[in-house]
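Thanks for making time this morning.

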Amino acid sequence: MVFPIESEDRTLRNLLMMFQDHARLVVEIYRKVLVMIDSLVKGEGGDLRGRLDEIEKVQLESLEIKRSIMRELHESGSILFNREDLFRLISKAGEVIDYIESVGVHLWGISDRKWKIPEGLGVGLVEMAGAVLDSLIKLRESLLSLGFNSERSLKLTDEVAQLERKVDTLHRRLDMAIVTSDMALPLILTLRDVSTKLENVVDTVEAEADLIRILAL
């Protein structure tokens with residue numbers, strides 16, 4: 001006989017494993033975007049179309065996991081008391097991937113048009129993008145800790161919040177550098193969109209961290 005508490009614990013464990021797998025794919029997708037940024041900043045356009053294809057392939061994998069999570073949550077009915085928080089968590093995770101994929105599309109557009117990113121702006125973009133990666137890694141680590149070490153999970157969500165503030169500062173600095181540059185207007189608009197999407201990533205990651213904090217308490 002399976003008791004309700006045992007059933008809830010088992011369902012939650014299965015869901016956490018899927019969330020952790022999804023977070024792994026988010027980091028994997030973002031690392032591919034980082035490679036694209038590095039290539040553009042160094043003036044080595046290379047096969048950015050191939051990178052974008054890789055991103056879209058992993059994105060499809062993440063979508064399958066998201067659907068599985070949604071299905072599991074739907075089928076769990078009233079077993080999980082934190083079901084709504086888990087729904088919101090996977091929804092936010094999906095938003096993060098959408099933002100990342102959009103950044104990849106813009107980067108490929110810059111490469112396809114053979115636009116050049118000025119060195120100073122490139123440094124700022126790389127710094128901001130690196131801080132966003134740190135936030136994604138901290139979020140994944142927080143998910144990995146959730147369920148067996150709540151204290152560590154909470155500590156990591158605090159670190160995500162600190163990184164969000166850092167990215168916000170870097171974004172303001174980079175945005176000012178972009179709009180006051182002498183680049184052509186299409187490149188200015190495209191880079192501004194890239195930097196804004198990167199900020200959107202970390203803002204959404206912080207929202208995920210808030211939900212993890214609720215689950216960990």
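Let me begin with Thr204, which lies in helix H6, residues 185-216; helices here are DSSP runs of H or I of at least four residues, strands are runs of E of at least two, and both are numbered from the N terminus. Before I go on, please keep in mind that this is a predicted model, in which local features need pLDDT of at least 70 and side-chain atom pairs count only at pLDDT 80 or more, while totals for chains, interfaces and linings use all residues. Residues are numbered from 1 along each chain as its sequence is written, and side-chain values use heavy atoms, with hydrogens and water left out.

Thr204 counts as buried because its relative accessibility is 6%, where buried means under 20% relative accessible area, exposed over 50%, and partly exposed in between, computed with a 1.4 Å probe on protein chains only. If we set aside its neighbours within four places in sequence, Thr204 is in contact with Lys92, Glu95, Val96 and Tyr99, contact meaning heavy atoms within 4.5 Å.

His22 has its place in helix H1, and it counts as buried because its relative accessibility is 2%. Not counting residues up to four places away in sequence, His22 touches Ser62, Ile65, Lys66, Ile90, Ala93, Gly94 and Ile97. Val33 is also found in helix H1, and with a relative accessible area of 0% it is buried. Beyond four places in sequence, Val33 touches Ile55, Ile100, Val103, Gly104 and Leu107; Val33 and Glu101, for their part, are 68 residues apart in sequence and 8.2 Å apart in space, C-alpha to C-alpha.

Ile55, one of those partners of Val33, is found in helix H2, residues 48-76, and is buried as well, with a relative accessible area of 0%. Its contacts, again without residues up to four places away in sequence, are Ile29, Lys32, Val33, Met36 and Glu101.

Arg140 counts as partly exposed because its relative accessibility is 28%.

Now to the empty space. Rolling a probe the size of a water molecule over the atoms shows where empty space is left. The search runs on a 1 Å grid over the protein atoms alone: a cavity is a set of points where a 1.4 Å probe fits but cannot get out, a pocket is an open set with protein on both sides within 12 Å along at least five of seven lines, and lining residues have an atom within 4 Å of a point. Grid points are joined across faces, edges and corners, and a volume is the space filled by probe spheres set on the points.

The largest pocket has a volume of about 290 Å³, and its lining includes Asp9, Arg13, Phe81, Asn82, Ser150 and Leu215. By class the lining holds six nonpolar, four polar and two charged residues, with Ala, Val, Leu, Ile, Met, Phe, Trp, Tyr, Cys and Pro counted as nonpolar, Asp, Glu, Lys and Arg as charged, and the others, Gly among them, as polar.

There is one cavity of 30 Å³ or more, and about 100 Å³ of space lies in the largest cavity. Of its 13 lining residues, Ala23, Val26, Ala93, Leu139 and Glu208 are the closest to the centre. H1 gives the most to this lining, with five residues, and the classes are eleven nonpolar, one polar and one charged.

Finally, charges over rings, which require NZ of Lys or CZ of Arg within 6 Å of the ring centre and within 35 degrees of the ring normal. The charged end of Arg49 sits over the ring of Trp108, 5.0 Å from its centre, and that of Arg113 sits over the ring of Trp115, 5.7 Å from its centre.
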